[in-house]
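Here is a short briefing on one protein model. Please keep the sequence and the 3D view open as you read.

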Amino acid sequence: MNQKQALDILKLGHNVFLTGAAGSGKTYLLNQYIKYLKSNHVLVGITASTGIAATHMNGKTIHSWAHIGIKDVLTSSDLNHIASREDYRTKILNTKVLIIDEVSMLHNYRLDMVNQVLQKIHQNELPFGGIQVILCGDLFQLPPISPYGVESKYINDSAIWEKMNIRICYLTEQHRQDGGDFLQLLNEIRDNEVSEYSIEKLQARINTDVSINFEPTKLYTHNVDVDLINKSELDKLSTEDHVYYVTSQGDKNLVKTLTDNCLAPSELHLKKGAIVMFVQNNFSKGYANGTLGEVVGFAKHTEFPMVKTADDKIITALPASWSIEEGNELLAEIAQIPLRLAWAITIHKSQGMTLDAAQIDLSKAFVSGMGYVALSRVRSLDGIKLLGINSRALSVNPNVIEADRLFRKSSARAVNELISLRPIELKKLQEEYLKKITTVSQKVKV
């Protein structure tokens, strides 16, 4: 399925699982649909399974949005308490489309809990109380965090999954890797059939330097390695330390949530010579989330850092903002220079990024999908210096492989269903759905 077909299906009002390989444009497409809904004054619940993923979309975690917190089970008392809060009820009743991004990391039972909350508040036994739900993610990426030895259960293992009448939109175009041996390797990992040829190509990158004009970021499996490396490398620089502090406005608790989950630190220390990474997309300024560079100086009057990127472009990094919004209301906002030290970063925090180059250490990979996520951050095999790899690194969950096979078949059926509609029929159905959700939104406005 291509992006246009997927967007057409979203506009029909179906519940959708938007999936596809890393770099297939899932988040871009989500933002297109969000923009379409907002331009038509439809309130969208924008959420993600993790705080970091939520900050990328100016949303909340699904745990916060649905008020389920970190509970594993909702009792009748819990549901009654949530439903008794007028502010919760108003928000949920006004929300006509709910988006949950990075669902590979969402436990099956938490999706069921979200369904319980929406059914309770809407007093409607249809899935999620009858509103459109868009799940987005790739199950080959990092799984839900579970206790050691406990198998992770994904969203398609939830009780509500089979009742959602869900359309699978499996994006197959590639917008990160250009093809060739590297894309073949990534696809073979997804099929759990990595060939000797691909293994040889990957092993050829062990301790092989990449051609970039500064030291590329190291991707590690554990946080402790990252923090030590970044501090140590910054301390080695004898140049002047420049410090940038986050500014904020809005609800204090939400500001704290943003600050805790934003990849740009609340207190950012930079020096000339520091290796940094942009942590937000701003294509008009020439950078994206994951663009690497070196601080080469500071602007004369503003002291904002000047970053030289891999393509020798010098970008002055101006403050950027991250916010939490509901409808047209700004609930909280922080502003900071959109950079972080990037001698090293964890694989978990790299999910969603596109890197020009990376040094990747998979010698301590401990969960399925970790190797795939790390490798697929980079545009080409030539951009990878492999520092180490273990037997777990390229593993994928066998249940995910089987589910993926079914997703592809279901997506093909969805394409056939879509193209069976004449253009005039498709437009009419989309207009009818849009009219339905805008009319309902006006009825429950407070």
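The model is predicted.

- β1 (residues 16-20) pairs with β5 in the parallel sense, over three bridges.
- Val16 has Ile134 of β5 as its bridge partner.

**Helix α2**
- α2 spans residues 26-39, 14 residues in total.
- From first C-alpha to last, α2 reaches 20 Å, close to the 20 Å expected at 1.5 Å a residue.
- Its buried residues are Lys26, Leu29, Leu30, Tyr33, Ile34, Tyr36 and Leu37.
- Down the axis of α2, these buried residues fall within an arc of 160°, so they line one face of the helix.
- In an α-helix, residues three or four places apart point the same way, because there are 3.6 residues a turn.
- Exposed Lys35 and Ser39 sit on the face of α2 turned away from the buried side.

**Ile131**
- Ile131 lies in the loop between α7 (108-122) and β5 (132-136).
- Ile131 is buried: its relative accessible area is 7%.
- Its contacts beyond four places in sequence are Asn15, Thr95, Lys96, Leu98, Leu118 and His122.
- Leu93 is 38 residues from Ile131 in sequence, and 9.4 Å away in space, C-alpha to C-alpha.

Definitions and conventions. Residues numbered from 1 in each chain as written. Predicted model: local features only at pLDDT ≥ 70, side-chain atom pairs only at ≥ 80, totals over all residues. Heavy atoms only, no water. Helix = DSSP H or I, 4+ residues; strand = E, 2+ residues; numbered from the N terminus. Buried < 20%, exposed > 50% of the residue type's maximum accessible area, 1.4 Å probe, protein only. Contact = heavy atoms within 4.5 Å. Expected span 1.5 Å × (residues − 1). Arc of directions from axis to C-beta. Pairing = 2+ DSSP bridges.
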